[in-house]
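Let's take a walk through a protein together, one region at a time. Keep the sequence and the 3D view side by side as you read.

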Amino acid sequence: MTTGYDALTAHIAELSDILCSISVLKWDARTNMPPGGAATRGLQLATLSKLAQEHFTGEHTARLLDAAERDVAAEPADSYRRRAVEQTRQYYALMRRIPADLIGRKAALAPVSEQVWAEAKAASDFAAFRPYLQQMVDLAKEQADAVGYSEHPFDALVFEYEPMMTARRLQAVFADLRTGVIPLLRMIVANPRPQERDLWAHEYPLEAQKAFGLSIAQRFGYDLQRGRLDIAPHPFEISFTRNDVRITTRYDRHYFPMAFYGTLHETGHGLYEQGIHPSLTRTPLTIDFLGQYPVGGTSYGAHESQSRLWENVIGRSRTFWNAHFDEMRQHFPAQMAEADPDLMYRAVNRVSPSLIRVEADEVTYNLHIMLRVEIEMGLLDGSLRVDELPEVWNSKMQEYLGVVPPNDALGVLQDVHWSGGGFGSFPGYTIGNIMSLQFLEAARRDTPGLDAALARGEYAPLLGWLQENVYQHGRAFSSEELLVRTSGRALDTAPYLAYLREKFSDLYGLPA
Ligand code: ZN
């Protein structure tokens, strides 16, 4: 007999199939599609998105939900089945609150606004972008009002990316980071270390870069039977269920770290998706209902915690270069002739307050995020006007990083996010950084010999802990629940700040 639960999950499995098909088309558009395909691809995506929307938000889903809720009512609160039904209900209610015409207006504005932004950035002309940004801010406020919030309109928008987060909690997190990071950065700037011999003056053949990057990705545990690595101008990871999880990177002939750390970053995202329990495939627990993606990770922050853990905490560690330098030298014998593990470690951990977020080092990265989040909150609560942005941006850059952009292309216009209306997405990067160290601390506590394994370049113990405690659950537990279950605490900046202090005090010879 088919139960109410079975009927609901069969319905959602079809939604998952549509969303996965959308993702395949998006992957293709961002890697292989000739430019001529853009216009018709846009129409194909719009049609499939409309089908997905209708499939999920119709009255049929409500009836299926009622029956499924009766089926799981007596099950434990943390059972996958009950979680699957609860989350479907929560997002169904939420999506029904957002008027269809608002979604339509935003979808119509986004491509135009992104195009205007790209031209405005190229010309460093904020005034050209300003009216479009104003419309995006107005739509974001409308959406926040439709979704509802109790304290700050930002709460309604950040929910899409990080359900545990609110403006108030973020302000406390950033206050901790400010106190911990700004004095550290000032000391680093006051104690510059001599420039290493310039490793990146050499040429690094692209085939060797790809081979070395992939060999490390596989060593971390990325499964090429269920994954592949391609080139994309803006690297990303995308999954069409746990059995097909693709990553991309971009190459620079000289600057080896770009492709290598790009690959390790996306590998971290990929390990999360590949590690989801097979029973969750095509279920509500691997769908981001609001983002309209089939994504197994529980939030943007949880996802970034994995990309940043594998890229930075592992991949940029002294331990990593001690373990893998010989392999690096096999791929690049001439380039590495004069180098050693310590030199590589130093060369990939240079701190310098810079203008561009995506090029920022571990110490300054979160200051770039803090500035953006403060501006978003101000725009949404009305304490900041769109026309004030360039000036506010530059004064915050001076205050936090001690550098001021010479023009708006290198300042307020640098990121694509706002042109598409992505307000609320930036905190995920910083939350991910913080979570990554909480998870690692818990993994160390639970896994004797973890550090000895890492020193041998063996990652199975760490990956196994992450699969068991984080990855396999998909979206069954919120990121806050994952933190509490593993570390015993909610989001806590202390392990992350201790990590930064220890690593960079050592690198820069500062008093610990
Ligand atoms: Zn990422």
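Helices (H or I, at least four residues) and strands (E, at least two) are DSSP runs, numbered from the N terminus. The expected span of a helix is 1.5 Å times one less than its number of residues. Before we start, note that this is a predicted model, in which local features need pLDDT of at least 70, side-chain atom pairs count only at pLDDT 80 or more, and totals for chains, interfaces and linings use all residues. Residues are numbered from 1 along each chain as its sequence is written, and side-chain values use heavy atoms, with hydrogens and water left out.

Let's begin with helix H15, which covers residues 389-401. Its 13 residues reach 17 Å from the first C-alpha to the last, close to the 18 Å expected at 1.5 Å a residue. Which residues of H15 are buried? Here buried means under 20% relative accessible area, exposed means over 50%, and partly exposed is in between (1.4 Å probe, protein chains only). The buried ones are Leu389, Pro390, Trp393, Lys396, Met397, Tyr400 and Leu401. They cover an arc of only 135° around the axis, which puts them on the same side of H15; the arc is that of the directions from the helix axis to the C-beta atoms. The buried residues of H15 pack against helix H6 (126-147), H8 and helix H14 (365-381). Just after H15 comes Gly402, with a positive phi of about 75°.

Arg178 is partly exposed, at a relative accessible area of 29%. Contact means heavy atoms within 4.5 Å, and Arg178 touches Pro183, Met370, Glu374 and Tyr400, not counting residues up to four places away in sequence. Compare that with Pro427 in helix H16 (residues 427-446). Pro427 is buried, with a relative accessible area of 0%. Leaving out residues up to four places away in sequence, Pro427 touches Phe154, Val158, Leu170, Ile369 and Val373.

His265 lies in helix H10 (residues 256-274) and Glu304 in helix H11 (residues 300-314), so the pair ties together parts that are 39 residues apart in sequence. Both His265 and Glu304 are buried. In the loop between H10 and H11 you will find Arg282, which has a positive phi of about 65° although it is not a glycine. Arg282 counts as partly exposed, at 36% relative accessibility.

Next, look inside. A nonpolar core is a set of buried Ala, Val, Leu, Ile, Met, Phe, Trp, Tyr and Cys residues joined through side-chain atoms within 4.5 Å. The largest one has 154 residues, and those with the most contacts inside it are Phe256, Trp310 and Trp321. Apart from it lies another core, of 6 residues, among them Trp27, Ala232, Ile238 and Phe240. Setting aside neighbours within four places in sequence, the contacts of Phe256 include Trp200, Tyr204, Phe212 and Trp321.

Let's finish with the strands. Is strand S3 (residues 245-249) enclosed or open? 5 of its 5 residues are buried, so S3 is largely enclosed by the rest of the structure. Both faces are covered, with Val245, Ile247 and Thr249 buried on one side and Arg246 and Thr248 on the other. Two strands pair if DSSP finds at least two bridges between them. Strand S1 (residues 227-231) pairs with S3 in the parallel sense over 5 bridges, and Gly227 stands opposite Val245. Strand S2 (residues 237-239) runs antiparallel to S3, joined by 3 bridges, and Ser239 has Val245 as its bridge partner. S2 and S3 form a hairpin with 5 residues between them, and Thr241 in the turn has a positive phi of about 80°.
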